[in-house]
Amino acid sequence: MKITFLGGGNMAAALIGGLVKQGFDPAGVQAVELTAEGREKLSGLFGVRAVAALDEQALACDVLVLAVKPQQLKAAVAPIAGRLAGQVVVSIAAGLRLADIGRWLGDYRKLVRAMPNTPALIGAGIAGLYADASVDAAGRAAAEQVLSAVGSTVWVPDEAQIDGVTAISGSGPAYVFHFIECLQASGEAIGFDAATARKLAIDTVLGAAKLAAGSEESPGVLRERVTSKGGTTEAALKSFAADGLPAIVERAVKAAEARGRELGDQLGRD
């Protein structure tokens, strides 16, 4: 399989690095990157062919990954409109819908939309994927191979759910970082120095996430096991409940999902 990345930024570099680390032949990977510095970095780190423009050799691929910024995608794909010949096109551009991308590509339909997240940069990401009905099982498998190089994947049956994936896992790392930030600040407020509060906050979140990932029990059951009646954890959880934390989180996720739909409307205009 030959894979070409249109765009050579951080997420493209993470995917390329993940593929190579898993044993994918660098000779089968190409990247189109505008900056000379970016091209030197990609070829130097991973041994892949990096070029400034999508030439015929780069276009002769099985999978074309659109990894440019959403605002730049329409212009970036304009030169190849009508030139695709069966490639699976995987877009990781947030917000952009397949109907709009397909139109910009000359009414092309063999498309997959994916939403990875930033932990992919350390191989710990998760990506949601949706495929157009014209993508066969082999095409879906090829798209999944690319995204699973940096973490786990889930397929959704409705493209609209990609906005939900964006709201939960795409934006989700920022929610976790903010919780860590608040937990650290609270630690400092009760007397810990910044370094100690930071370590306590980060290692607690990391350990709890690992415990949840490795357990067959639901997060609710795990929470209950930490919570003794009349104890310290119960006091904190009652405070969360009094402030309406579950509703706060739900409203935040719905706000992110709605913004994703709005961005799709804005970015998809001709």
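**A salt-bridge network and what lies around it**

R113, E159 and D163 are joined to one another in a network of salt bridges. The model is predicted, so local features need pLDDT of at least 70 and side-chain atom pairs count only at pLDDT 80 or more, while totals for chains, interfaces and linings use all residues. Residue numbers start from 1 along each chain as its sequence is written, and side-chain values use heavy atoms, with hydrogens and water left out.

Q: Is D163 called buried or exposed, and on what grounds?
A: Buried means under 20% relative accessible area, exposed over 50%, and partly exposed in between, using a 1.4 Å probe and protein chains only. D163 has a relative accessible area of 5%, so it counts as buried. R113 is buried as well.

Q: Which residues are in contact with D163, apart from its sequence neighbours within four places?
A: Contact means heavy atoms within 4.5 Å. With those neighbours set aside, D163 is in contact with R113, E257, G260 and R261.

Q: How do you know that α7 is mostly covered?
A: Seven of the 10 residues of α7 are buried. They are I162, D163, G164, V165, T166, A167 and S169. The elements that cover them include β6, β7, α8 and α12.

Q: What makes R49 and D55 a salt bridge, and how accessible are the two residues?
A: The closest N and O atoms of R49 and D55 are 2.5 Å apart, and the pair forms a salt bridge. R49 has 26% relative accessibility and therefore counts as partly exposed. D55, at 29%, is partly exposed too.

Q: Why does the pair D132 and R109 tie together parts apart in sequence?
A: D132 and R109 form a salt bridge with the closest N and O atoms 3.4 Å apart. D132 lies in the loop between β7 (125–131) and α6 (137–147), and R109 in the loop between α5 (98–104) and β6 (111–115), so the two parts are 23 residues apart in sequence. D132 counts as buried at 16% relative accessibility, whereas R109 is exposed at 51%.

Q: What is called a nonpolar core here, and which residues of the largest one touch the most other members?
A: A nonpolar core is a set of buried Ala, Val, Leu, Ile, Met, Phe, Trp, Tyr and Cys residues joined through side-chain atoms within 4.5 Å. The largest has 34 residues, and F5 and V90 touch the most other members. Helix α1 (residues 10–21) gives the largest share of this core, seven residues. Another core, apart from it, has 28 residues, among them L54, V77, L98 and Y130.

Q: What makes a space in this model a pocket, and how much space does the largest one hold?
A: On a 1 Å grid over the protein atoms alone, a cavity is a set of points where a 1.4 Å probe fits but cannot get out, whereas a pocket is an open set with protein on both sides within 12 Å along at least five of seven lines; lining residues have an atom within 4 Å of a point. Grid points are joined across faces, edges and corners, and the volume is the space filled by probe spheres set on them. The largest pocket holds about 2,500 Å³. Its lining has 47 residues, of which V176, F179, V205, A208 and A209 are the closest to its centre.

Q: How do the residues lining the largest pocket divide by class?
A: Ala, Val, Leu, Ile, Met, Phe, Trp, Tyr, Cys and Pro count as nonpolar, Asp, Glu, Lys and Arg as charged, and the others, Gly among them, as polar. On that basis the lining divides into 33 nonpolar, 10 polar and four charged residues.

Notes:
Helices (H or I, at least four residues) and strands (E, at least two) are DSSP runs, numbered from the N terminus. A salt bridge is a side-chain nitrogen of Lys or Arg within 4 Å of a carboxyl oxygen of Asp or Glu.
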